[in-house]
Amino acid sequence: DKRYALTILAEAYRRDKKIGQLVERFAAEETLGDEARFLWIDLLRELGKADEALALFKQADESDFTTEMRRELLEICRETGSEDLFIDTYRDTIAREPARLDWRAGLSRFYLERGERDLGRAVWEGFENLAQGDALLGGAGVALDLGLEDLASDYAESCITQGTRAMPALQFLFDMHKARGRDEALARVLERMEGLAPADSADRVQLAESWEQVGRQDKAVDVLERLRAARGPERFSSDLEMRLAWLHSEVGDEEKAYEYWRNVWLRVESPGRRRYVEDRLMATASRLGKLADIAIELEEKLVEGTANKRDSALLVRLYTKVNDPVSATEIIQEFMKQSGESEIAMLEEKARIYAICNDYYHYERTLRQLMDLDPEGGPEYLTQLAMSCLERGKNDQAQQVLTEMRELEKNPASSEFEAGVLKIAGMHTEATKAYWRGIAEHPGRID
C-alpha cells in the first residue's frame with residue numbers, strides 16, 4: 001500500500017511538472033522509509049542528478065538491498081562514472097550470489113570492454129566448482145557470448161566429464177564449431193556423441209539432424225537405421241520413418257526409400273498426411289519405374305475384393321496423377337459398389353475426379369445425373385455447373401444455367417451469386433440488373 005501511494009504521489013507531481021518540489025519535500029524530511037528513499041533516488045535520476053542519487057544510495061543499509069536495488073545502483077555508477085564503486089558492487093553481489101550468472105557476466109563484460117581480458121576471465125574463477133548440469137552449461141553459453149571461447153569449451157567439457165547434460169554439452173560444442181566453420185572439430189564432436197548416446201535414445205535423432213546440417217546424409221541414414229533396429233519397427237515413429245525414406249532418396253538408395261514410403265503409407269491415418277505420403281510414394285515409384293506395378297497390384301486386389309479404402313484411394317490418385325479420369329472413375333465405381341455406397345455418393349466422387357482432371361464434359365454430365373437423382377441438391381449442382389461453364393469460357397451457357405436457377409421452385413442461391421457470375425462473364429448490364437433484384441429482395445443487405 002505504501003509503494004502504491006508513493007507511486008500515485010509521484011505521478012501527480014509529474015503531471016503538474018513539479019517533480020523538483022517533491023524532491024525538495026523528501027530532502028526536508030528528517031526520517032524517510034526505504035520505499036520513500038528509493039523513490040527519491042529514482043526522481044533524482046529522472047531530473048539528471050545522478051551524483052545526488054548515488055550519494056543517497058550510499059546512505060542506505062546495503063544489507064537490505066534487493067536484486068533490483070543492486071541493479072539500480074550499478075546503473076547509477078555507470079551514469080556517474082564511479083568505476084570503483086561499480087566494481088565493488090559487482091564483487092559484493094557475486095560474493096552474495098556466486099552461482100548467479102548475470103552478476104559475473106556483467107562484471108566480466110565491463111573488463112572485456114576495456115580490453116582487460118585477463119580480469120574479465122578471472123571473474124569466472126570458482127564458478128565451475130559451484131555449478132553443475134544446466135547451470136554450468138548456461139555459464140558456457142554466457143562465456144561464449146562474451147568471446148571467452150576457451151572458457152566456454154572448458155565448461156562444456158566439465159559437463160561431459162561429470163556425466164550431467166553430456167549430450168547437450170556436446171551439441172553446444174558442435175554448434176560452436178559449426179558457427180566457426182571448423183569441419184574437423186565438429187566431426188570429432190559428432191563421433192563422440194555417437195559413442196555416448198544409448199542405442200535407442202532420442203538423442204540419436206538430434207545426432208542425425210546434426211550430420212544432415214554438415215551435409216553428411218549418409219551418416220544421418222546410418223544413425224537412424226541403427227536407431228530403428230534398436231527400437232524395432234513398431235516403436236520407430238512414422239515421422240522418423242518418413243525422414244529416413246527422404247534421406248535414402250538423398251543418398252541415391254531409391255529402393256530403400258520406396259520400401260519406407262510404402263511402410264509409412266500403411267501406417268498413417270490422417271488424410272492430409274496420407275496424401276503427402278502418397279505423393280512421395282508415387283514420385284519414388286516413378287523414378288524406379290514402378291508406377292505400373294503398383295497399379296497392377298492394387299487392381300488385382302480390387303478384382304479379388306480384398307482392396308480397402310486406402311488401396312482404392314491410392315489407385316485413384318495414381319490415375320488422377322497421369323490425368324486418366326476414365327480409369328480413376330472406374331476404380332471409384334467398382335470399389336464403392338463393393339462397399340455398398342449410394343449412387344449419389346459415387347457420382348459425387350466421380351464428379352470430383354473429372355473436375356481435378358479438367359474433364360469438363362464428363363464433369364457437367366455427372367452433375368446433370370446428380371440433379372436427376374437428388375432434386376433437393378439441384379441449386380448446388382447448378383451453381384457448380386455455372387462455374388464450370390465460366391472456367392471453359394462458355395459465358396452464354398453460364399447465363400443459361402443461371403436462368404435455370406431462377407426457375408427453380410426452391411432456389412436458395414442469392415442474387416449476389418448470379419450477379420457475380422455475370423460480372424465475371426463480362427455481362428455488366430445483366431449483372432447490374434441482378435444486383436438491383438437482390439436489393440429489392442433484401443434491402444437490408446449491405447453487400
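Buried means under 20% relative accessible area, and this cut-off applies to the residues shown in the views below, which come from a predicted model.

**View 1. Burial of F127.** F127 has a relative accessibility of 0%, so this residue counts as buried.

**View 2. Aromatic pair F127 and Y155.** A search of the whole structure finds 5 aromatic pairs; one of them is formed by F127 and Y155. The ring centres of F127 and Y155 are 5.6 Å apart and the planes stand at 50 degrees, so this pair is tilted. F127 belongs to helix α9 (residues 127-130) and Y155 to helix α11 (residues 149-162), so the contact ties together parts that are 28 residues apart in sequence. Y155, with 1% relative accessibility, counts as buried.

**View 3. Aromatic pair W261 and Y276.** Here the centres of the W261 and Y276 rings lie 6.2 Å apart with their planes at 75 degrees, so the pair is edge-to-face. W261 is part of helix α17 (residues 254-267), while Y276 is part of helix α18 (residues 271-288); the pair therefore ties together parts that are 15 residues apart in sequence. W261 has a relative accessible area of 1% and is buried. Y276 has a relative accessible area of 40% and is partly exposed.

**View 4. Aromatic cluster of W124, F127 and Y155.** These three residues, W124, F127 and Y155, form one aromatic cluster.

How values were computed: Residues are numbered from 1 along each chain as its sequence is written. This is a predicted model: local features need pLDDT of at least 70, side-chain atom pairs count only at pLDDT 80 or more; totals for chains, interfaces and linings use all residues. Side-chain values use heavy atoms; hydrogens and water are left out. Rings of Phe, Tyr and Trp (its six-membered ring) pair if their centres lie within 6.5 Å; planes under 30 degrees apart count as stacked, over 60 as edge-to-face and the rest as tilted. Helices (H or I, at least four residues) and strands (E, at least two) are DSSP runs, numbered from the N terminus. Buried means under 20% relative accessible area, exposed over 50%, partly exposed in between (1.4 Å probe, protein chains only).
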